[in-house]
Amino acid sequence: MLENLHPQPADKILALIAAFKADPRADKIDLGVGVYKDASGNTPVMRAVKEAERRILAEQTTKAYTGLAGDPAFGAAMRDLVLGDSVAADRVAAVATPGGTGAIRQALELIKMAAPNATVWLSDPTWPNHPSIIKYLGMKMAEYRYFDSATRGVDFAGLLADLGTVAQGDVVLLHGCCHNPTGANLTTEQMAQVIAVLQDKGAVPFVDIAYQGFGDGLDADAQITRQIAGAFDNCLIAASCSKNFGIYRERTGVLMAVAKDPVQQALTQQNLAFLNRQNYSFPPDHGARVVTTILTDPALRADWEAELEDTRNGMLVLRQQLADELRRLTNSDRFDFLSAHRGMFSRLGTTPEMVEKLRAEHGIYMVSDSRLNIAGLNATTVPILAQAIVSAGI
Ligand code: LMR
């Protein structure tokens, strides 16, 4: 049986982890996988997470199963964090999932059950695992223009033109904030126009929000998701806690499905629980419990928000430093887009050959599409990267 297997394509982001580890150069710089690092290159456990874990360890009296949807308190806490009061709570079905990827996978499975002929529209570019999972599930997909490689901003005219061709019932995947891989984001005014097009077409929005709190702040980053949730009878939201709680390996995420009324919500909730049962039965609990503990305790929550703000501001400072240094070295504003982008990533907008040159000659690792992880930089490495970009002739 196993002789029938074929090698699978390597994930271009994850492949960088091994390549970076194997590089013996002491001055190598890792700007690859989307993991936050502090100035000393550490991915810290957040203070509030440590304290929540301490409490859970001291107080937890059982490890018996929760429910197929996970602990309902987690679903409610995440609904409040992501959706605020944009939609009535009794219209939102929610299940805990293994990370944001688990939520995306379950959302796609739900789409497959409810609308097997729907095409799922993805931004060009998008996080490479989106098309990979869709292809694996044998679903139809299409792309809408997103990135303007001249301005390194959003190609809004191209995006609107392409979304104008979606068919009724198609699903359009949008990044809630901090677009991965480009760092270029829609404004709330632009999103209002996108919403009008999708409503006109009868499309269903599907929001992937994995970086809430990394862009302009917790509420600002949820704005687009809330606009969407408030505007449609149905939409799907996959939210990750990996980044904003720094609990990557705990695999903590939630899939929320906004239904048109409480009756449809109950049916959707039952289907989501069924899907969890088919795929992995009960979802992981530890990370979800940590998140719930933090979000429902005012002091812990305040401390988490403060640390998240420090993280966010640190990335903004690095963005500005890199843009300033490149302005100084090139005597031009060509790289000012770096300070306008938001989140962990920016796409430089150069060729895979140039990215390879940076790796080979300077030990600088970024994804082949020229996505760099801003959080992988620090005050020492910003000038090194800027100089390497200029020397490479980017
Ligand atoms: C990334 O985009 O680097 C992260 O979301 C990590 C991953 O799983 O790809």
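Me: How much area do domain 1 and domain 2 bury between them?
Reply: About 1,800 Å². Of that, 58% is on carbon and sulfur atoms. Keep in mind that this is a predicted model.

Me: Which residues supply 33% of the area that domain 1 buries against domain 2?
Reply: Arg312, Arg342 and Arg347. That is more than any other three residues supply.

Me: And how many residues does the contact take from each domain?
Reply: Domain 1 gives 22 residues, and domain 2 gives 22 residues.

Me: Back up a bit. Where are the two domains in the chain?
Reply: Domain 1 comes in two pieces, 11-45 and 312-392. Domain 2 is 65-296.

Me: How many Å apart are their C-alpha centres?
Reply: The centres of domain 1 and domain 2 lie 27 Å apart.

Me: Let's switch to the sheet. What is the strand order?
Reply: The order is β2-β10-β9-β8-β7-β3-β4. That is an open sheet of seven strands, and the pairing is mixed.

Me: Which strands are at the edges?
Reply: β2 (92-97) and β4 (140-145). Each of them pairs on one side only.

Me: How many degrees are neighbouring strands turned against each other?
Reply: On average 20°, with direction ignored.

Me: Which helices pack on the sheet?
Reply: Helix α4 (residues 99-114) is one of them. It touches β2, β3 (119-124), β7 (171-175), β8 (204-209), β9 and β10. The direction of α4 makes about 160° with that of β9. Helix α6 (residues 156-163) packs on the sheet too. It touches β3, β4 and β7, and its direction makes about 145° with that of β4.

Me: In what sense do β9 and β10 pair, parallel or antiparallel?
Reply: Antiparallel, over six bridges. Strand β9 covers residues 235-240, and strand β10 covers residues 253-258.

Me: Which residue in β10 is the bridge partner of Leu236?
Reply: Ala257.

Me: New topic, cis peptide bonds. Where are they?
Reply: One joins Asp124 and Pro125, with omega about 5°. Pro125 is in the loop between β3 and α5 (129-136). Another runs from Asn180 to Pro181, with omega near 25°. Pro181 sits in the loop between β7 and α7 (188-201).

Me: Now helices α2 and α11. At what angle do their axes cross?
Reply: Roughly 150°. The axes of α2 (residues 47-59) and α11 (residues 298-330) come within 8 Å.

Me: How many of them are nonpolar, polar or charged?
Reply: Four are nonpolar, none polar and five charged.

Me: Last one, Ser332. Where is it?
Reply: Ser332 is in the loop between α11 and α12 (337-340).

Me: What is Ser332 in contact with, leaving aside neighbours within four places in sequence?
Reply: Leu326 and Arg327.

Me: And what separation do Ser332 and Val166 have?
Reply: Their C-alpha atoms are separated by 40 Å. Along the chain, Ser332 and Val166 are 166 residues apart.

Notes:
Residues are numbered from 1 along each chain as its sequence is written. This is a predicted model: local features need pLDDT of at least 70, side-chain atom pairs count only at pLDDT 80 or more; totals for chains, interfaces and linings use all residues. Side-chain values use heavy atoms; hydrogens and water are left out. Axes are lines fitted to C-alpha atoms, for helices over the stretch in contact, and angles run from 0 to 180 degrees between N-to-C directions. Helices (H or I, at least four residues) and strands (E, at least two) are DSSP runs, numbered from the N terminus. Ala, Val, Leu, Ile, Met, Phe, Trp, Tyr, Cys and Pro count as nonpolar, Asp, Glu, Lys and Arg as charged, and the others, Gly among them, as polar. Two strands pair if DSSP finds at least two bridges between them. Contact means heavy atoms within 4.5 Å. Domain bounds come from an automatic or database domain assignment. Buried area is the accessible area (1.4 Å probe) that two parts lose on being put together, summed over both.
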